[in-house]
Amino acid sequence: CNDELDLDPKAILSEDQISTPQDAERFVIAAYSELGNDEINRPFSLWPYGNVRSDDAYKGGRDPGDGQHFHFTETFTNLTPNISFFDELWFHLYVGVRRANEGLRIMENFTDDDYPAKQTRIGELRFIRGHFYFELKKLFNRIPYLDENTDPATYKDVTNVEFTSDELWEKIASDFEFASEVLPQVQSQVGRADQIAAFAYLAKTRLYQAYEKGETHQVTGINTAHLQEVIAAADKVLASDHALQSDYANNFLPGPFENGVESVFAVQFSKDDGTTNGRLNFGDMLTVPQGIGCCDFQKPSQNLVNAFRTDENGLPLFDTFNQNNVDFANNTVDPRLDHTVSRPGNPWKYQTDLIVEENWSRAPQIYGTFNSLKENVSPDDPGFTNVDPFYGNTKTRVILRYADVMLFKAEALIELGQQDQALSLINALRERAASSTTRLVNADGIALANYELEPYQPGVNIEWTQANARKALRFERRMELSLEGHRFFDLVRWGVAGPVLNQYFSIEQTRRAHLQSASFAIGTHEYLPIPQNQIFFSENKYVQNPGY
Amino acid sequence: QQTITGTITDAETNTPIPGVNVLVKNTNRGAVSDFDGIFTITATSTDTLVFSFLGYKTVSEVVGTRSSINISLANDAQALESVIVTGYQTQRKRDITGAVSVADVEEMNKQSAASPIAGLKGRIAGMDIASNGSPSSPTTIRIRGVGTLNNNDPLYIIDGVPTKAGLHELNPNDIASLQVLKDASAASIYGSRAANGVIIITTKEGKLGEVVLSVNAQTSISSYTSITEMMDTQEYGRALWQANVNAGIDPNTNSIKYRFDWGVNQETGAPELNKVLIPEFLDQQQTLRSSNTNWFEEISRVGVIQDYNVSLSNGTEKGNYYTSFGFFKNEGIIKTSKFDRFSLRLNADYKLFNDRVVIGENLSITKTSEVEGAPINAALQALPIIPVRTFDGTGWGGPVAGMNDRQNPVRLLEDNKQNDYDFLRLFGSFYVEANLTKSLKFRTNLGLDYGDFTARRLRKRYESGYLNNPVNRLESSQTHDFKMTWSNTLNYNKTFNDVHELSVLVGTEYFWANTNSFTASREDFVIEDEDYTYLDAGTGIKNNSGFGAENILMSYFGKVNYSLLDRYLVTGTLRYDGSSRFGENNRFGTFPAFSLGWRISEEEFFKDNVSFINELKFRYGFGITGNQEIDNNAIFNVYVTDYPTTAYDIDGSKTGNLPSGYKLIQNANPNLKWEESMMSNFGLDFELFNQKVYGSAEYYIKETSDILILPPYIATLGEGGNQFINGASMENKGFELSLGKRSSFSNELQVDLNANISLYKNKITKLPSEVVNAYGGNGADQNILGRPVNSFYGYVADGLFRSEEEVVQHADQPGKDIGRIRYSDLNGDGVVNADDQTWIGAPHPDFTYGFNANVSYKNFDLSFLLQGVSGIDVINDFKYSTDFWSVSETGSNKATRLLDAYSPTNTNSSIPAISLTDSNFESRFSTYFVENGSYLKVRNAQLGYSFEEDLIKKWGMKSMRIYIGGDNLGILLKSKSFTGIDPENPGFGYPNPLLVKTGFNLKF
């Protein structure tokens, strides 16, 4: 009778059925897949955490009560460890880590002989694991670290304070280092991480690691060895086949521009692919303006728009840009403004027959009339998909952009006091931006604004001291990469999030009432709280971040 | 041989009883008494006549020399002699030593619910039934409280075939008897699936010598009892103005198109609203004209229930049959929602080989169909300014920019009304019963349960305000469910020396369940006609999915009943169950039980001294029952493909079939074993004062251990952290009392009253330490252990701040302000934070009770049922929307309660001030949302009239009764603190309607 009760499970697999290299390949695909498994309340683009939490954007939507948790993230009020959205984000990032670890564990069942691609796939899995840990680290700071050798039965005993912050960075860096050693320089499939992507992420990791932090996350020192590693890794990228796009706009357009020369690593999305709505960019679905979809989240701040103003030399107004709102009739601006921010009266995504109107904004009196352009597409794009009531698209999400890597290197050079070598890197971006105005015209071919942008010319329009170079670098990062999810984490890396944001709030709340109660607590708000549930599951072995 | 005649009368009322079976013992000769109670039969002087009739004690008389035998049958009020099905056998009620409740089927069926079980609410001590007003009347049954963290649903045995599926697929008119086995000693014969109690249902069969055609018809009308009062267009405008003014924001900048004529009072400095200005149209195209829609009214209607039933039965010496046809249709009080059921039944048996072998079958075929939908939440959220339809009446109204993104609830219903499912269920058994010897009976019973579910769901294209979807999509799905139960039993019954009664049962059972399902979909249909929208007619994207499951149970069981002198009763049972869901190490579980009874009233010393007690029985039972409700694959490491979440466009081709992967979703636990419940039951049955007063009392202790749970887990495990474990323990203690009184004031007036009360105390006694806080608690000194399951953990709302002084004096609470909720700083550390939560309620009543009365006077009969729950805490989910502007959704409508919110001119209100954002974090779970859900309801009442037999005889009828009645006729009591409408249904569930009905019962 015992045999009668021996049933094979239905419609599932058990581990002993997974035995061929083809099966192992599927674990790698599953790990990649998680990169795109985000959704509106836990976007992996981190727009609420990288952009809205900084001086670049407001939450948007109907009003502060709409997606209220992100209003609290925006204003640093009512941030408590039991906000479920933080827990979900934490969980889903660890899903990525676990998928990578499962893949790495399965790899051990094969030899290099029967699975020639094994080393490459291990490199890819470690790259993906490194990516998810990087995201966790920059959001939560102190995180539990587990690799393929950790027995799942002991996971709950691994605390978030087992490793110091620096040790965590070292572990993340070691994944990218390993990947950079085993991955081929170019992969035949565009979605896979290659050696250049690994070097780019290594440069990023070493840069974050280089800033040594104190109790209140202030910078206590800078590790020059790590800065040298940034330069070494970035140089591999800069020497590769990757390069800047001729037109800045090409980075944010779908179709033939995707996975272009400037994209070092990107998340792939698709539709008509056998899933219900397609594997769309679900995480960014809320940011479509109401005029062409829903729901008008991620509204560029007035401060950001003002920051694009340039002076008569075509340089940023480092200290004075926010004294007055930019006056488009009389002021000149950086062309990157109109690639980044949509304004009423301008074409939407360079589409001169589709003009943005004020009523595209859902709550102009609260959040103004600017919209975020980079992650969005034209409604005519074949990837633009109705997921009632939302609209998604299939444009790739760039994780690492060549320009970003150039700025990693420039930042490292400046912090090493070698600002002169950084100049050309920054100027290359400014020159590219200055020439990216072809698409910024209306139906009559007239420019959308007075664009004026010049490179830095030491001794002519700027004194290129380390301090000025640092200022220029940080401003350049904001202009080049705004609304791409980096700003808040940059501020925290530089140890300036508190002063910058409190200064921002003091002005911006006179323009925007929803920021009235906003206030950044230095030493606390640099990181999210460790989710209370996870502290419970760890039986209080996890230690909460300070201030929560 | 001689002809014997006589009259059969009721011993109490002396009225003749028609329809009594008269049988010559050990022969097939029988007769039935006529309308005057007169019977005629031929017999010899040595024959014994057996007179039997449902509800009366059976009497045997030796003919002797008599040619006329008049018999008065004693009303079997307490049904001591009545036979009860207790699991693979029947027992006399007086021999039962476990906790078994017998339902009054006739009373049960007085309620017009699709599910017969719904009519038992308040009628059986220890059985709680939760239901809502949905047309298919989904019910949740809890026998003796919540016994496990796992599945708490009881096992149903219908004509010997086990099922856990919905009883709304059973025609209530076909039920002959329904028993509830509440304690382990009674239920453990069903072993591994009996821990939540067992409900045994037997369907009708034909009666010997009686052709009965029965026709029942009933129509009911149902309506809302009351509706939450939502704001109208003007009122919403006022609240919107207030929200903005309170936040210091110019209300005329709101993103909805409301504008306000307002100003600041020069003297007081207070803002004053003069007029709410409503735009004529919501959109530039002028298709959406501003409205004043009451969405609850728009989605509701007067419901209609129709219930028709015809049955025909007959019994002969060689066999009998019962066949019936039923049609039930409930068009609910939410528009377009409906449930209908066609049912056919054929029960038959036939005697062969000198009546030593009986072959029979029970078969029911039901086809049910349902359109679901109760957009209560959508109706609550939709703004009143939105019109139902566009200005020209052809399109849908809907939100415009600035409003929430919730759907027009009327559209939701209308666009869904074609989306019913069809469920065909064949349920029945085939059996052979052979009397091997006089005392030994063999029975083999093959039960089949086949369910065939099909549905075509069309998502129509639509445009509704800014919400739209230009692509329609059809989803066609089928599930085929097959279950088979094959049981074989040997039953031995013998009385030795007239003092030892022994019955022994041994048996085996094999259960196999198999499911196979698939779904296919297609987009783009030119025409949205139900007759057109089949998959082939679409032109767009195709998609499909499907799954399968299988499990097997294999069981051996035995039972011994021994009775000495009719007063000392002993029963022992043992069941040995194996399940495919468990690993080799623990595949089989043993479920033993025993029970003892002492009918003290049969003792001479008792009989001699206590005359007013007719029957007194002490019972004790002990047993272990099991639960195996876990995933079929729980013992395996489970990897799945799950294409939608493991596929990836690694080639960057943007479209087409993608490479996909595997993911681990479950860790194996090869050591899983049965969940066990151990229960002790102390019982007492009594009958007093010539059986006029009767009742029983029960006390039990139930300890459930090794509860099978799938606990939440630490996030670092990712998707692969699920693992079933035997991880928890729970304890229930309870008390139940049932009392009845039967009074006969004259031949014409009879009053039957019965009442029951039950209570239980639940506590969780063990949980794995890492998940103990997943059920509430602070990770330090507070957790669920020792507390009732599902206890509420949250903050204590200590009224509102009413002065600046109060605000300043209170602990540090971010967002505190005048008019806001003050939360208690429970640990006194000067800060209100997560550490200030505590236990603020439990969803368990102090006690539940029911009271049923039946009065008959001449030809009239009247019955009513009161049912109540006392001392239960409920979470009033509506309050998140009725009492706050920004706790749920600022862009959604609110109840008129909010107009009474705290303001400088309304300082006595207990409702917090209207606030544009929830900066005081009032959405936190607190005592503000916990209310006392006690109630007492008139569950059912019915008034009937039976026509005089003389009158209807002319029409060829045996009986004819007409009646009027109603269900849910009113709430007699509810807690003053309850702010919602119906404490029985405090959330967004389908509302319980008030129901008025009329109908007739005919017998030919």
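This tour moves through a predicted model, from the domains of chain A to the interface between the chains and then to the strands and domains of chain B.

**Domains of chain A**

Begin with chain A and colour it by its domain assignment. Domain 1 comprises 17-238 + 486-548, while domain 2 covers 242-485. The centres of these two domains of chain A, taken over C-alpha atoms, are separated by 23 Å.

Next, select the boundary between them. Here 50 residues of domain 1 of chain A contact 52 residues of domain 2 of chain A. On the domain 1 side of chain A, the elements giving two or more residues are α2 (47-51), β1 (57-60), α7 (195-210), α8 (224-238), α15 (487-493) and α16 (497-511). Colouring that side by residue class shows 27 nonpolar, eleven polar and twelve charged residues.

**The interface between chains A and B**

Now display both chains and select the residues in contact across them. Chain B contributes 78 residues, which meet 83 residues of chain A. To follow the chain B side, select β27 (467-469), β30 (542-564), β31 (568-579), β34 (638-640), α8 (643-646) and β35 (663-666) of chain B, each of which supplies at least two residues to the side touching chain A. Which of these elements gives the most to that side? The answer is β30(B), with eight residues. By class, the side of chain B that touches chain A holds 32 nonpolar, 35 polar and eleven charged residues.

Centre the view on A853(B) in β44(B). Opposite this residue stands L753(B), and in β45(B) the bridge partner of A853(B) is F864(B).

**Domains of chain B**

Finally, show the whole of chain B and colour its assigned domains: domain 1 (2-73), domain 2 (83-205), domain 3 (233-291) and domain 4 (793-993).

Terms used:
Residues numbered from 1 in each chain as written. Chains lettered and ligands numbered in written order. Predicted model: local features only at pLDDT ≥ 70, side-chain atom pairs only at ≥ 80, totals over all residues. Contact = placed C-beta atoms within 7 Å. Helix = DSSP H or I, 4+ residues; strand = E, 2+ residues; numbered from the N terminus. Nonpolar A, V, L, I, M, F, W, Y, C, P; charged D, E, K, R; others polar. Domains from an automatic or database assignment. Pairing = 2+ DSSP bridges.
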